[in-house]
Amino acid sequence: MDITDLFQLLFSGLSVGGIYALIAVGFVTIYNVNGVINFAQGEFVMIAAMTAASLVSAGTPLWISAVIAVIVAALVGVLVQRLALHPARLNGDVVLLIITIGVSTLLRGLALMIWGSNPKTLPPFMKGEPVNVLEIVIPRQDFFIAGIAVVMMVLLFLFFEKTMLGSALRACMMNREVSRLLGIFPNRMALLSFLLGAALAGVVGISVAPVSLATYDMGLLIGLKGFVAAVLGGLVSIPGAVLGGILLGVLESLGAGLVSSGYKDAIAFLILLVVMVIRPQGIFRVKSGKRV
Amino acid sequence: MKKILRSVLSISLVLSLVTGLMACSQTNTQESNTEQATSTVNLDAYKIGVNLELTGSASVWGLPQKNAIEMYVKQLNENGGINGIPIELVIYDNESNETQSLVVSKKLVEQDQVLAVIGGGTTPTTMASIPYMNKQGVPLVSVGSGDEIVLPVEERKWIFKTPSNNQDISVKIAEFLQNQEKKDIAFIALNNAYGDSGLSVFREVAADYDINIVSVEKVGLGDKDAKPQLTRIKSENPDAILVWAIPPAASIINRNYWELNMHNMLVFSAGAGANAFIELAGKEAAEETYIASGKVWVIDQLSDDDPQKTFIKNYVSNYESLYNDGVSPIDGMAYDAIHLIVKAIELSGDEVSRESIRNNLEKIQDLVGITGVFNLSPDNHQGLTPKDVEILQVQNGEWTLVK
């Protein structure tokens with residue numbers, strides 16, 4: 001194992017980490033506005049991947065399929081918020097949490113009925129031979145994944161920091177009741193957060209499907225990994241979620257490459273356990289108690 | 001107001017859970033319903049149970065296998081069954097899960113009172129049912145490939161299987177590697193009973209052929225990325241990489257191998273042989289990949305005196321016209337399983353029982369099947385030889401026989 005291999009592992013980890021980061025951002029956005037961990041987040045990823053794959057195999061051009069798939073995922077997110085969570089919003093967090101678990105099972109079951117259990121393929125957005133950079137080989141689709149992760153994060157930053165709507169959403173994430181006093185409708189923000197979270201998951205779905213294949217049950221593991229990333233980042237901050245995702249991807253890749261490939265998934269959950277026990281506020285946050 | 005909300009909530013929650021559960025079990029209820037419908041028409045029928053991976057991670061195998069079995073039975077029943085008595089299938093989904101596989105076996109034996117069971121389609125799902133089937137005295141013809149399914153034979157009185165043994169596949173691959181002068185190989189095994197069985201058997205065989213296993217990597221059934229494992233292998237730079245895995249994991253390994261720009265020789269065991277293999281791996285990535293497999297993909301390239309040629313040809317054309325889908329060696333194994341059971345029922349004459357099927361399975365000789373020519377005996381519950389395994393290579397996006 002020489003230095004090139006180490007960099008190779010690092011790069012594979014970065015592209016996977018970008019994926020985890022995007023899902024984690026979705027988790028954090030939804031959690032802070034709705035006060036609930038949305039365990040159906042991975043299912044939004046699956047819906048986008050499956051929609052795109054079946055549109056492409058039906059003859060729709062790749063990019064159009066991708067856009068439609070993200071819209072479909074976002075719409076499903078909106079429907080889930082309106083039909084399942086909104087009516088129950090006055091109940092405790094545990095009820096809401098269980099609803100999202102029910103929704104995730106429901107969506108997985110529906111996907112099985114609609115698409116069957118065979119894996120589907122989506123052609124990569126960037127075709128051709130992998131690229132050689134200083135003896136490190138990088139598949140072209142990884143550039144796409146990294147690129148889309150960066151673009152999405154920049155867009156998210158602009159949205160949250162520079163737009164009225166984004167600021168309102170952020171205010172609502174910080175304190176629901178006070179933002180209501182300021183004329184922000186928390187209900188609309190809740191809907192918006194699901195739209196955003198599901199759309200982000202949709203982007204993840206179309207980026208990973210060419211690499212990992214699309215299956216009806218792909219959402220479970222990818223959702224859990226995104227959740228671990230969000231917890232690493234402390235569950236309340238978006239930059240924390242991004243860093244958590246990238247860290248998780250890199251650690252997984254290095255762990256599988258340097259220690260043993262049998263423990264790849266175990267590494268993620270071991271990290272989750274350690275963080276939960278030692279630093280429940282997330283590894284990047286110095287002080288706790290910011291949430292009121 | 002709160003009351004209404006609460007009731008709306010509980011109803012929607014219950015509904016969502018119920019629909020989710022229904023969807024999960026949908027496949028198997030549908031199957032058994034249609035099968036039961038036929039049973040009312042033919043009260044007198046030989047009941048055969050099918051325990052396969054219709055959903056879950058091994059469903060790439062399970063669905064075509066179910067199709068193959070159903071096609072066999074449909075044709076048999078249309079031609080008058082076995083001496084006028086039709087076969088009735090009871091099909092359940094084991095969800096690619098060991099525990100569920102045992103539940104399904106119990107249901108087939110106790111509730112449906114079947115004469116024999118086909119399945120599971122993988123080594124782990126089969127291993128889970130073996131002690132129970134032996135205890136109950138019901139013949140099980142597995143479509144899993146691990147050698148321990150039928151070995152040691154004295155502890156496998158009621159257990160048979162149709163896929164080639166890992167032993168035979170290993171011998172064939174080792175001969176091939178020796179011919180190609182490949183000495184140092186890396187081994188990637190699926191992280192379950194199938195991969196472990198392949199690894200331990202190949203290790204023994206490799207020693208006889210002067211082949212060194214320089215590194216061993218594991219890959220999970222649901223893994224989406226095998227690049228770290230392949231990066232490690234790349235640094236070892238072996239002459240060839242042997243993969244003991246099934247799709248989709250197998251396809252992802254092939255894809256990652258291409259993505260990492262590796263040019264060692266890539267060889268898959270028979271388990272990777274689902275018809276979607278090339279498509280799932282991607283055409284460019286699959287080019288030049290080798291597989292040790294059965295003959296269905298290269299039937300036109302076989303010599304005319306091959307005893308299986310006509311049999312497989314009929315199978316391929318029937319399957320493709322009925323299901324509008326390509327065949328693979330994997331579904332052929334399930335076709336062989338029902339073929340063996342039917343043969344054993346025929347040999348039983350008028351007295352058909354679980355016992356007679358078991359005894360007559362051991363007497364089957366020179367039975368031409370899809371996977372090979374079966375010669376079973378009390379010491380051999382599988383009946384194939386390394387000659388029934390072929391080495392194929394993807395050339396210009398098509399499987400080609402390597403001579």
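A nonpolar core is a set of buried Ala, Val, Leu, Ile, Met, Phe, Trp, Tyr and Cys residues joined through C-beta atoms within 7 Å. Here, a residue is buried if 20 or more other C-beta atoms lie within 10 Å of its own, exposed if 12 or fewer, and partly exposed in between, with C-beta atoms placed from the backbone. The model shown is predicted: local features need pLDDT of at least 70, side-chain atom pairs count only at pLDDT 80 or more, and totals for chains, interfaces and linings use all residues. Residues are numbered from 1 along each chain as its sequence is written, while chains are lettered from A and ligands numbered from 1 in the order in which they are written.

**View 1. The largest nonpolar core.** Let's start inside. This core has 212 residues, and those with the most contacts inside it are Ile23(A), Ala48(A), Ala49(A), Ala52(A), Ala73(A), Ala245(B) and Ile341(B). Its largest share, 15 residues, comes from H8(A). Two residues are in contact, or touch, if their C-beta atoms, placed from the backbone, lie within 7 Å. Setting aside residues up to four places away in sequence, Ile341(B) touches Ile48(B), Ala116(B), Val141(B) and Ile357(B).

**View 2. Helix H8 of chain A.** Helices (H or I, at least four residues) and strands (E, at least two) are DSSP runs, numbered from the N terminus. H8(A) covers residues 186–212, which makes 27 residues, and reaches 37 Å from its first C-alpha to its last, close to the 39 Å expected at 1.5 Å a residue. The expected span of a helix is 1.5 Å times one less than its number of residues. Because 22 of its 27 residues are buried, H8(A) is largely enclosed by the rest of the structure. Look just past the end of this helix for Leu213(A), which takes a positive phi of about 70°.

**View 3. Ile19 of chain A and its neighbours.** Ile19(A) sits in helix H1 (residues 3–34) of chain A. Is Ile19(A) buried or exposed? It has 31 C-beta neighbours inside 10 Å, so Ile19(A) counts as buried. Leaving out residues up to four places away in sequence, Ile19(A) touches Ile145(A), Val204(A), Ser207(A) and Val208(A). Ile19(A) and Val204(A) are 185 residues apart along the chain, yet their C-alpha atoms are separated by 6.1 Å.

**View 4. Where chain B meets chain A.** Here 38 residues of chain B are in contact with 41 residues of chain A. On the chain B side, at least two residues each come from elements including helix H1 (2–41), helix H2 (59–78) and strand E7 (212–219). Which element of chain B supplies the largest share of this side? That is H1(B), with 12 residues. The chain B side divides into 16 nonpolar, 14 polar and 8 charged residues. For this sorting, Ala, Val, Leu, Ile, Met, Phe, Trp, Tyr, Cys and Pro count as nonpolar, Asp, Glu, Lys and Arg as charged, and the others, Gly among them, as polar.

**View 5. Paired strands in chain B.** Two strands pair if DSSP finds at least two bridges between them. Lys47(B) has Glu88(B) as its bridge partner in E2(B), and Tyr46(B) stands opposite Ile87(B). From E1(B) the chain crosses through H2(B) to E2(B), a β-α-β crossover that is right-handed. Right-handed here tells you that, with the strands pointing away from the viewer, the path from the first strand over the helix to the second runs clockwise. E1(B) is also joined to strand E3(B), residues 116–119, by 4 bridges, again parallel, with Asn51(B) opposite Gly119(B). In E1(B), 6 of the 7 residues are buried. As for E2(B), Ile87(B), Leu89(B), Ile91(B) and Asp93(B) point one way and Glu88(B), Val90(B) and Tyr92(B) the other, and all are buried.

**View 6. Helix H6 of chain B.** H6(B), residues 166–179, has 14 residues and reaches 20 Å from its first C-alpha to its last. Since 10 of those 14 residues are buried, H6(B) is largely enclosed by the rest of the structure. Its cover includes strand E6 (184–190) and helix H7 (193–208) of chain B. After the helix comes Glu181(B), whose phi is positive, near 60°.
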